[in-house]
Amino acid sequence: MKGLKGALMFAQSGGPTSVINASAAGVFIEGLNNELITDVYGAVHGIRGILNEEFIDISKEDPKELELLKYTPSSALGSVRYKLKDASVDDTDYKK
């Protein structure tokens, strides 16, 4: 993937765990420091945020806050347990 350049979108689903924010912080911090990543976004409430185009521009967040996110409980972006339907039954979400 050398030379592949573009934006990063981070979305999470399921329930908040003890490390979900630490994982998000790692992705955000590394993405912001990677010259091949043009933009870093977080999707609010996982796949629902992607489908509803609800994104947070992580580059506008304070880097110190991103470091603190590693130790913050719960799920900063929110999470969701939304199941995409089988595409052969309803492909609406896939098309969006």
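Reply: From the N terminus on, the elements of the protein follow the order β-α-β-α-β-α-α, which amounts to 4 helices and 3 strands; helices (H or I, at least four residues) and strands (E, at least two) are DSSP runs numbered from the N terminus. The model is predicted, and local features need pLDDT of at least 70, side-chain atom pairs count only at pLDDT 80 or more, while totals for chains, interfaces and linings use all residues. Residues are numbered from 1 along each chain as its sequence is written, and side-chain values use heavy atoms, with hydrogens and water left out.

The aromatic pairs come to 2 in the structure, where rings of Phe, Tyr and Trp (its six-membered ring) pair if their centres lie within 6.5 Å, and planes under 30 degrees apart count as stacked, over 60 as edge-to-face and the rest as tilted. In one of them, Phe10 and Phe28 have ring centres 5.4 Å apart and planes at 75°, so this pair is edge-to-face. Because Phe10 belongs to strand S1 (residues 6-10) and Phe28 to helix H1 (residues 20-32), the pair ties together parts that are 18 residues apart in sequence. Phe10 and Phe28 are both buried, a class that means under 20% relative accessible area, with exposed over 50% and partly exposed in between (1.4 Å probe, protein chains only).

The rings of Tyr41 and Phe55 have centres 6.4 Å apart and planes at 55°, so that pair is tilted. Tyr41 lies in strand S2 (residues 37-43) and Phe55 in strand S3 (residues 55-57), so the pair ties together parts that are 14 residues apart in sequence. Tyr41 is partly exposed at a relative accessible area of 25%, and Phe55 is also partly exposed, with 37% relative accessibility.

Between S2 and S3 the pairing is antiparallel over 3 bridges, and Gly42 has Ile56 in S3 as its bridge partner.

Leu8 is found in strand S1 and is buried, with a relative accessible area of 18%. Not counting residues up to four places away in sequence, Leu8 touches Val27, Gly31, Ile37, Asp39, Val40 and Tyr41, contact meaning heavy atoms within 4.5 Å. The C-alpha atoms of Leu8 and Gly42 are separated by 8.4 Å, although these residues are 34 residues apart along the chain.

In helix H1, Asn21 counts as buried at 2% relative accessibility, and its contacts, leaving out residues up to four places away in sequence, are with Leu69, Thr72, Pro73, Ser74, Ser75 and Ala76. Gln12, in the loop between S1 and H1, is buried as well, with a relative accessible area of 6%. The side chain of Gln12 makes a polar contact of 2.8 Å with the side chain of Ser75, a polar contact being a pair of N or O atoms within 3.5 Å, of which, within protein, one must be able to donate a hydrogen and the other to accept it, while residues adjacent in sequence count only if both atoms are side-chain atoms. Beyond its neighbours within four places in sequence, Gln12 is in contact with residues including Ile20, Ala24, His45 and Ser75.

His45 is found in the loop between S2 and helix H2 (47-51), is partly exposed at 37% relative accessibility, and has a positive phi of about 60° although it is not a glycine. Glu53, in the loop between H2 and S3, has a positive phi of about 55° and is not a glycine either; at 58% relative accessibility Glu53 counts as exposed. Most residues other than glycine have a negative phi.

For the protein as a whole, buried residues make up 26% of the 96 residues, and residues 24 or more positions apart account for 68% of the contacts with a separation of 6 or more.

Key:
Pairing = 2+ DSSP bridges.
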